Amino acid sequence: MGRRSGAACVVRQARRASANPRQSAMPDRPETGRHLWITGPSRAACAAAIAASAPDITADCDRRVRGPYTGAGSLMRALVPRVHEHRPALATRHAIEILAVAPELETLIGPAPQALTSPATGLERTRPPSGHRTRRITRGLVDFLREAAAEALLTIAFSSAEQADAADL
């Protein structure tokens with residue numbers, strides 16, 4: 001949809017998860033979720049449509065705000081305090097992933113386990129992080145979300161998704 005002033009927002013049902021052949025082959029995954037795409041000329045124009053979906057959490061994905069992991073960090077900053085209140089062990093178990101996207105949560109969940117190379121700085125560091133680190137972080141965050149939502153479904157709205165960094169996609 002082009003950016004036109006005064007244009008209304010469009011709300012459309014996204015393709016169902018069961019359309020993915022890999023997911024439909026997993027019988028233990030209930031068909032509980034649905035995805036809505038709300039698009040329009042501006043965030044302000046779509047505010048009413050977003051509010052009508054009554055999200056539990058709204059996460060801003062605009063990479064210009066905080067760089068990579070802006071959306072994931074925004075989601076974790078809103079969700080982790082709620083989860084930590086009832087299930088602190090869950091947040092602690094995923095501390096590495098959570099703190100990678102929202103380091104300010106260390107005061108709540110404690111420090112992440114340290115690798116042998118963590119105390120080394122600059123030229124002392126002989127082992128850079130693996131290229132697969134981003135994948136491990138995102139998979140760990142998905143595991144955290146699944147476990148956090150196992151007791152009650154969550155409605156999450158992601159705003160400015162078109163401005164998200166590749167790490168948030």
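A crossing of two helices is left-handed if the near helix is turned anticlockwise from the far one by less than a right angle, and right-handed if clockwise.

**Ground rules.** I am reading a predicted model, in which local features need pLDDT of at least 70, side-chain atom pairs count only at pLDDT 80 or more, and totals for chains, interfaces and linings use all residues. Residues are numbered from 1 along each chain as its sequence is written, and side-chain values use heavy atoms, without hydrogens and water.

**Confidence.** I looked up pLDDT, the predictor's confidence in each residue from 0 to 100. The chain averages 77, and 75% of the residues score at least 70. Over residues 16-31 pLDDT stays under 50. Where pLDDT is low, the predicted coordinates should not be read in detail.

**Helix pair.** I noted the crossing of α4 and α8 as left-handed.

For contacts (heavy atoms within 4.5 Å), I listed A72, L75, M76, L79, V80 and V83 in α4 against L141, F144, L145 and A148 in α8. The residues of this contact are 10 nonpolar, no polar and no charged.

**L75.** Is L75 buried or exposed? L75 has 4% relative accessibility, so I count L75 as buried (under 20% relative accessible area, with a 1.4 Å probe, protein chains only). Beyond its neighbours within four places in sequence, L75 touches I57, A59, L145, I156 and F158.

Definitions and conventions. Helices (H or I, at least four residues) and strands (E, at least two) are DSSP runs, numbered from the N terminus. Ala, Val, Leu, Ile, Met, Phe, Trp, Tyr, Cys and Pro count as nonpolar, Asp, Glu, Lys and Arg as charged, and the others, Gly among them, as polar. Buried means under 20% relative accessible area, exposed over 50%, partly exposed in between (1.4 Å probe, protein chains only).
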